[in-house]
Amino acid sequence: SVAGSSLPGQYKRSKMPGDDAPATEDEELSTPEEKEAWLRAHGVEIESAEDRRKKAEAAAAATHPLEHVEGVTRRVKYVRIPADDSEPFEQLEVILAHDAAGDQLPDVLRPRFIGGGAINEKMAREQAIRQLGENGAALTGAALENASAQGSTETFALVRPSSTNGNAGVYLYLDEVGMLKGLAPNSRAVGLARDCGFDGVQFYGDMFVGRVQAEPSPMRNVDFAVADLSVGSEWLRVAAAENYRHNQSMSELQAAMKDKGGMTTIGFGGGSGDGEMPKGEGDGYRWSQTDDEVEVVVDAGEGAKAKDVWAMFRPDHVKVVVNGETKFEVGGDKPPGLFRKVRPDDCTWTIEKGKVVVTLQKTDEQLWHDLVAVP
């Protein structure tokens, strides 16, 4: 962006008083770098993509949890898996508030994913069109640039908390747009996921591994050491079986919902007993909750099928698109976001009789007083 001057669309460079740079009269500036240099030399303020990236990095560093946690604290270990196979695993730790609840690592690691390369706009737009239909074509270069400049963390569950593993989950944390930035493949992270029963996944750039303890409530981060990546680690030894059981349970749940008509098993209405959890409805949706989940039922329209639905989950942002039309969204471009953060990797959706049933996994057992956060 340019401030302080109004210039025609075509930049030309002319000899000016005090201008010692060699140039012929009305020499055309052919590259963005030449145009930027000429403008700066003549007192025009310019904010380039690189300038914005540096500002974002400085702002992120100023609020990094390692430097600005007050009161009683605790240290939690996690591990970096470099994309470069010649580099060893790196033991890291973060300082958290003693009572910090939920998974804090996505926020801690976000500054790590700032910048790192220009996003391939063509690839990003093609991917958006596959997921969003015609709406994906509206994806702009500025939006992609902003995503890269601000940093964004994606989580991948290597194993979820359950009663059979001590209610401890292990998660990978990665750059959400690492592939679009053209980052190097991370073969060791791919191998780790494969050992946990996930074939065919690909990861790009440096990855991080951490652990959460879901019980006793509230969920919180706990130590994950380099030694925990060894083949003999108990969590890794049973991870594939744990994930198989989880997938079987999800399949059985979806089958049961289909057999029982989907919506008929979800209690939304009227109850009058004391202590009933808050629930409500909005334009085209209804929501309710249990101790550990929030369910949102979205009107998809008669005849809608699973292939027509795309759902996106972020810690404070959920979006449901049907046949390229956004049917439900909280967060993102529609602030202020969800009432509390959710665990994206454990969120699911099903469809039955024109209704998309979205299940949001809470990060703790806190009561939601509304679906949307208070501005």
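What joins the side chains of aspartate 103 and tyrosine 173? It's a polar contact of 2.6 Å. By polar contact we mean a pair of N or O atoms within 3.5 Å; within protein, one must be able to donate a hydrogen and the other to accept it, and residues adjacent in sequence count only if both atoms are side-chain atoms. Before going on, keep in mind that this is a predicted model, where local features need pLDDT of at least 70 and side-chain atom pairs count only at pLDDT 80 or more, while totals for chains, interfaces and linings use all residues. Residues are numbered from 1 along each chain as its sequence is written, and side-chain values use heavy atoms, leaving out hydrogens and water.

Let's stay with aspartate 103. You'll find aspartate 103 in the loop between strand S6 (90-97) and helix H3 (105-109). These labels come from DSSP runs, numbered from the N terminus: helices are H or I with at least four residues, strands are E with at least two. Aspartate 103 has a relative accessible area of 14%, so it counts as buried (buried is under 20% relative accessible area, exposed over 50%, partly exposed in between, with a 1.4 Å probe and protein chains only). Its side chain also makes a polar contact of 2.8 Å with the side chain of asparagine 221. If you skip its neighbours within four places in sequence, aspartate 103 is in contact (heavy atoms within 4.5 Å) with Tyr173, Val212, Asn221 and Arg343.

Now for some strands. Strand S5 (residues 73-81) runs antiparallel to S6, and eight bridges join them; two strands pair if DSSP finds at least two bridges between them. Here tyrosine 78 stands opposite leucine 92 in S6. S5 is also joined to strand S9 (residues 207-213), again antiparallel, by three bridges, with arginine 80 opposite phenylalanine 208 in S9.

Phenylalanine 208 leads us to the rings. Tyr78, Phe113 and Phe208 are linked into a cluster by ring pairs. Rings of Phe, Tyr and Trp (its six-membered ring) pair if their centres lie within 6.5 Å; planes under 30 degrees apart are stacked, over 60 edge-to-face, and the rest tilted. The whole structure has seven aromatic pairs. Phenylalanine 113 sits in the loop between H3 and helix H4 (121-132) and phenylalanine 208 in strand S9, so the pair ties together parts 95 residues apart in sequence. Both phenylalanine 113 and phenylalanine 208 are buried. Phenylalanine 156 and phenylalanine 198 have ring centres 5.0 Å apart and planes at 75 degrees, so this pair is edge-to-face too.

Finally, there's an open sheet of five strands in the order S11-S12-S13-S18-S17, with antiparallel pairing. Its edge strands, S11 (280-282) and S17 (348-352), each pair on one side only. Three bridges join S11 to strand S12 (residues 285-289), and glycine 280 stands opposite tryptophan 287 in S12.
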